[in-house]
Amino acid sequence: MNLRDLRYLLAIAEHGHMGRAAEASGVSQPTLSIQLRKLEELLGVALFERSGKGVAPTEACQRLIGHVRAAVAEADAILTLSAELRDPLSGRFRLGIIPTLAPYLLPLVFAPLRAALPALEVEPWEDQTAGLLDRLRAHELDAALLATEVEGAELASRALFAEPFLAALPPEHPLAARAVVAEGELAEDMLVLADGHCLRDQALAACGRGGALGGTLRAASLSTLLNMVAAGYGTTLVPGLAAGAAQDAGIVLRPLAARAGRTVRIAWRARYPRRAAVEAVGEVIAARLRKFSESAAAGAV
């Protein structure tokens, strides 16, 4: 039994006619008939009933054809994956990204990624850090964009760009009159994300708070935090790439005295065979954000 004969069987079943199946398969009708007879002899069952009008699958064929389709699909998957491994910059590339980064970074980098890597099909997957790392270790992602270091010898990472935090304030807040805000001054009414978001821990660390805060809200998304700040419910820290969304909501942004921030990294499995794809994606993102990082370093964000 070979893959070619299984493809012939599927073609005959699809077209219901030997001549049309032969044409679709790129072979002569006698060749197709000979190979079908060989397959039937090998299996010991008749696969089609012939008539002047065409062919019809037998009960044996109907019971076997699901397995044939699965076998051909798996063989095609092996060929596709092998092609991707020969050219790591082609095929599907599953890229995880944390929720506080995805809506602000992806619109900036998707066009450059398509332009620089046209054969690479980047598929984003948004999740919190722990979920992305689990999927990365389970081979369900090829790489992930994170804002924390990775742990364990099985994973590796590379820094892509620095992202400063900004104080996000309601317009009427007393600190809105300041040119620069000290991180600790935000703690009394600072709102944070719920447990599981790395931005929550980073915000607490930046403000020197490891426990209770003045604000009681624990939001599931950064957009919720921004809306609550705009409504005067409290203050928060926002990553620099979210500055536009914050200003659109009517929030006052101020630089932080200690210039706290985070480093966005791309992480992958240390033994991942398509390391060239990871490096290429990371370089495109780093290049797109290079001016942003330079502005952040100069305190101009």
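Tutor: A nonpolar core is a set of buried Ala, Val, Leu, Ile, Met, Phe, Trp, Tyr and Cys residues joined through side-chain atoms within 4.5 Å. The structure considered here is a predicted model.

Student: Which residues touch the most other members of the largest nonpolar core?

Tutor: The largest nonpolar core has 57 residues. Helix α10 (residues 275-288) provides the largest share of this core, 7 residues. The members that touch the most others are Leu105 and Phe161.

Student: Leaving aside neighbours within four places in sequence, with which residues is leucine 105 in contact?

Tutor: Contact means heavy atoms within 4.5 Å. With neighbours within four places in sequence set aside, the partners of leucine 105 are Ile97, Leu145, Phe161, Leu241, Ile285 and Leu289.

Student: Is helix α1 parallel or oblique to helix α2?

Tutor: Helix α1 (residues 3-15) packs against helix α2 (residues 18-25) at an angle of about 130°, and their axes lie 8 Å apart. Angles over 145 degrees count as roughly antiparallel, and those from 65 to 115 as roughly perpendicular. The angle therefore makes α1, relative to α2, oblique.

Student: How many nonpolar residues does the contact of α1 with α2 have?

Tutor: From α1, Tyr8, Ala11, Ile12 and His15 meet Met18, Arg20, Ala21, Ala24 and Ser25 of α2. By class, this contact has 2 polar residues, 1 charged residue and, as the number asked for, nonpolar residues to the count of 6.

Student: Is threonine 235 buried or exposed?

Tutor: Threonine 235 is placed in the loop between α8 (222-230) and β9 (236-239). Buried means under 20% relative accessible area. Because its relative accessible area is 0%, threonine 235 is buried.

Definitions and conventions: Residues are numbered from 1 along each chain as its sequence is written. This is a predicted model: local features need pLDDT of at least 70, side-chain atom pairs count only at pLDDT 80 or more; totals for chains, interfaces and linings use all residues. Side-chain values use heavy atoms; hydrogens and water are left out. Buried means under 20% relative accessible area, exposed over 50%, partly exposed in between (1.4 Å probe, protein chains only). Helices (H or I, at least four residues) and strands (E, at least two) are DSSP runs, numbered from the N terminus. Axes are lines fitted to C-alpha atoms, for helices over the stretch in contact, and angles run from 0 to 180 degrees between N-to-C directions. Angles under 35 degrees count as roughly parallel, over 145 as roughly antiparallel, 65 to 115 as roughly perpendicular and the rest as oblique. Ala, Val, Leu, Ile, Met, Phe, Trp, Tyr, Cys and Pro count as nonpolar, Asp, Glu, Lys and Arg as charged, and the others, Gly among them, as polar.
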